[in-house]
Amino acid sequence: MRFDVVTLFPAMFAAITEHGITRRAHELRLWTLTTWNPRDFTADAHRTVDDRPYGGGPGMVMMAEPLAQAVAAIRAEGAGARVIALAPAGHALNDAQVRRWAEGGGSMAIVCGRYEGIDQRFLDDCVDEVVSVGDFVMSGGELAAMALIDAVVRQLPGALKEASADEESFATGLLDAPHYTRPEQWRGRDVPAVLLSGHHADIEAWRRREALAATLRQRPELIRSARAEGRLTARDERDLRELAQVGAAESKSAA
Ligand SMILES: C[S@@+](CC[C@H](N)C(=O)[O-])C[C@H]1O[C@@H](n2cnc3c(N)ncnc32)[C@H](O)[C@@H]1O
């Protein structure tokens, strides 16, 4: 898959080309990255990419023209089939979308904002989708772009050594179950006995119940979606009833 990123800070992307799973996948040529600096698409001596906001107010706004030219240059190479811009005001990135993009493959251009953001006319004219990585504000789109690329790349066939992506949080519609490794006892805390039993069916059942418990506790709306999508078994429903009873009893005794 090809990613083209429009950024004022191309060096930041070494974080994903030079480390971990994304580095390995990059070396395997499962994905490529080309960065484009909007300053290379300016006409003035200062290579200006930002200006004061119309209507007043603090900060600077990224100008439309250098960004539009950068996207045009990407398109001239036959890439940037989909153009994404990053902004807190975009729609929230989620696992289903990440998987769709990874399955679709092809090419994607990602535009990173800085300052107060990007001139709206560029977003209206040149961008297919505006994406947010969460309800918080960062100083620039680079970390958001890297989060998006990392999430997509780990879904590309061959990126993970073991096929663990299908068991991770959200893949099943639930959050992940907790994980443990050696030693068996740490600071007085034991690994749950079932995980040492070697009984695969019991371990699987325990993990499923723990995933249900974590999801019910942290993200109950995901349980509702999983139910609506028919992803819950009769046993899941029974476990959920028990977990809800335990939760209700615990909050009663705490009160
Ligand atoms: C300081 S932010 C601009 C914030 C903007 N004035 C607002 O209030 O929504 C600068 C850039 O960081 C990026 N950014 C910051 N937070 C983000 C988030 N949660 N998701 C995606 N991009 C984000 C965007 O590209 C944005 O243009």
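A: The chain is divided into domain 1 (2-162) and domain 2 (185-254), with bounds from an automatic or database domain assignment. Between the centres of domain 1 and domain 2, taken over C-alpha atoms, lie 38 Å.

This is a predicted model: local features need pLDDT of at least 70, side-chain atom pairs count only at pLDDT 80 or more, and totals for chains, interfaces and linings use all residues. Residues are numbered from 1 along each chain as its sequence is written.

Now the sheet. Five strands form an open sheet in the order 2-1-6-5-7, with parallel pairing. Strands (E, at least two residues) and helices (H or I, at least four) are DSSP runs, numbered from the N terminus. Two strands pair if DSSP finds at least two bridges between them. Strand 2 (32-36) and strand 7 (129-132) are the edges. Each has a single partner strand, so one side of each is left without a neighbour in the sheet. On average, neighbouring strands are turned by 30 degrees against each other, direction ignored. Axes here are lines fitted to C-alpha atoms, for helices over the stretch in contact; angles run from 0 to 180 degrees between N-to-C directions.

Strand 5 (residues 82-92) and strand 7 run parallel, joined by five bridges. There, L86 stands opposite V131 of strand 7.

Helix 3 (residues 64-76) packs on the sheet. Helix 3 touches strand 1 (2-6), strand 2, strand 5 and strand 6 (107-111). Contact means C-beta atoms, placed from the backbone, within 7 Å. The direction of helix 3 makes about 160 degrees with that of strand 1.

Technical notes. Two residues are in contact if their C-beta atoms, placed from the backbone, lie within 7 Å.
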